[in-house]
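Good morning, and thank you for coming. Please look at the structure on the screen while I take you through a few of its parts.

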Amino acid sequence: MFNGERLRLARQRRKLSAKQLADLAKISAVTISKVENGHQPEDSVVSKLSSSLSYPTHFFFKSSSDVPDSDTVSFRSLKKMTAAERDASLAAGALGIELYDWIDTRFDLPHPSLIDLSRERNRPESAARMLRQQWSIGDRPIGNVIRLLESKGVRMLSLSENTQNVDAYSFWHGDRPYVFLNQQKSSERSIFDAAHELGHLVLHHHAGSKNERGAEMQADRFASAFLMPEADIISKLPHDMGATQIIRSKKRWKVSAMALAYRLHSLGRLSEWNYRSVCIELGKRGYRSGEPEGVEREQSVVIEKVLNVLWSKRLTKQDIADDLAIPLGELESLLFGLAGPVQRLSDDPRFQLTSVK
């Protein structure tokens, strides 16, 4: 049977209202409403809807998707988002869950090993130290945050929305944690966003950020401490550094110049006057809105290995999209900026993916 919930999902991914879709498909808005609420459409209507949304017809005849509940999703810029942007992001979450369900049936992925640190939500720096201790990574810089999170069972995906209002978001689906990153941001911003969302996953376990008034600040403080441990900062950097030194030093932790300046200030390594001076100077050099001297973008080891194994069997991303009954563009959106070049197998021992099929 035609699944009206699937129609709503595809419409939301396209950021269309029912009226806008009706105009595109040249049918009435009443028909759209009826179909989304369970009415079985005629074949001609199905064809028009499929064509207007550029979704395969088979997509609308599959079982309902698990769309994340907005109350359990940690959106970084919820107040700035339009309803259409929010719904499109949640719909992307549903497609991401389906993609990883597809991967899970074919590969053995790392089991999630995050711990519930919700009791430490008012002490996020302490929570960051506890998680580092749990994962036995000490105070050293993290070479690749995406790789680390994937090795701990976090499902990493891209959210290549053409908007500045959706930075990143995360949620738990059952016992599986998901993080979506907007890859339109700088590499340093994406790395910090990944750590920020990790903070939400462990500090606001299964609760998103709506139920915690200071959740965004807590996740920011967690990310700062997780990426730039106090002991490492103190041992490597002197007091009252200038903008040039900060720009040079930020590469050690793969963070933005502004993030490192803020961390130094919060640890008392930059006086209030020097902090303001550094921020002004960094702004003049273009570091407030970007990272002129950026680091290489991190990529997903899991996605890279999955694509490589499939390629060895002469299967492509189009084959994955066909199996999921989604447009290739939607799959590319979920993998944007995360998939490494095909046939470049990683030797990381944490990712010995075994093909089940």
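Helix H5, residues 83-104, lies across strands S1, S2, S3 (168-173) and S4, and runs at about 125 degrees to S4. Please keep in mind that this is a predicted model.

In what order do the four strands lie? The order is S1-S3-S4-S2, in an open sheet with mixed pairing. At the edges are S1, residues 74-75, and S2, residues 155-158, each of which pairs on one side only.

S2 pairs with S4, residues 176-181, in the parallel sense, over four bridges. Which way do the residues of S2 point? Arg155 and Leu157 point one way, while Met156 and Ser158 point the other way. Are these four residues buried or exposed? All of them are buried.

Ser74 belongs to strand S1. Why does Ser74 count as buried? Its relative accessibility is 1%, and buried means under 20%. The side chain of Ser74 makes a polar contact of 2.7 Å with the side chain of Ser170. The side chain of Glu197 also makes a polar contact with that of Ser74, again at 2.7 Å.

Finally, I turn to a pair of helices. In general, two packed helices are described by the angle between their axes and the distance between the axes. Helix H2, residues 18-25, packs with helix H4, residues 43-53, at an angle of about 105 degrees, and their axes are 9 Å apart. The two helices, H2 and H4, are therefore roughly perpendicular to each other. Which residues meet there? From H2 come Leu21, Leu24 and Ala25, and from H4 come Lys48, Leu49, Ser52 and Leu53. Of the residues in this contact of H2 with H4, five are nonpolar, one is polar and one is charged.

Thank you for your attention.

Conventions
Residues numbered from 1 in each chain as written. Predicted model: local features only at pLDDT ≥ 70, side-chain atom pairs only at ≥ 80, totals over all residues. Heavy atoms only, no water. Pairing = 2+ DSSP bridges. Contact = heavy atoms within 4.5 Å. Axes fitted to C-alpha atoms, helices over the stretch in contact; angles between N-to-C directions. Buried < 20%, exposed > 50% of the residue type's maximum accessible area, 1.4 Å probe, protein only. Polar contact = N/O pair within 3.5 Å; in protein donor to acceptor, adjacent residues only side chain to side chain. Parallel < 35°, antiparallel > 145°, perpendicular 65-115°, else oblique. Nonpolar A, V, L, I, M, F, W, Y, C, P; charged D, E, K, R; others polar.
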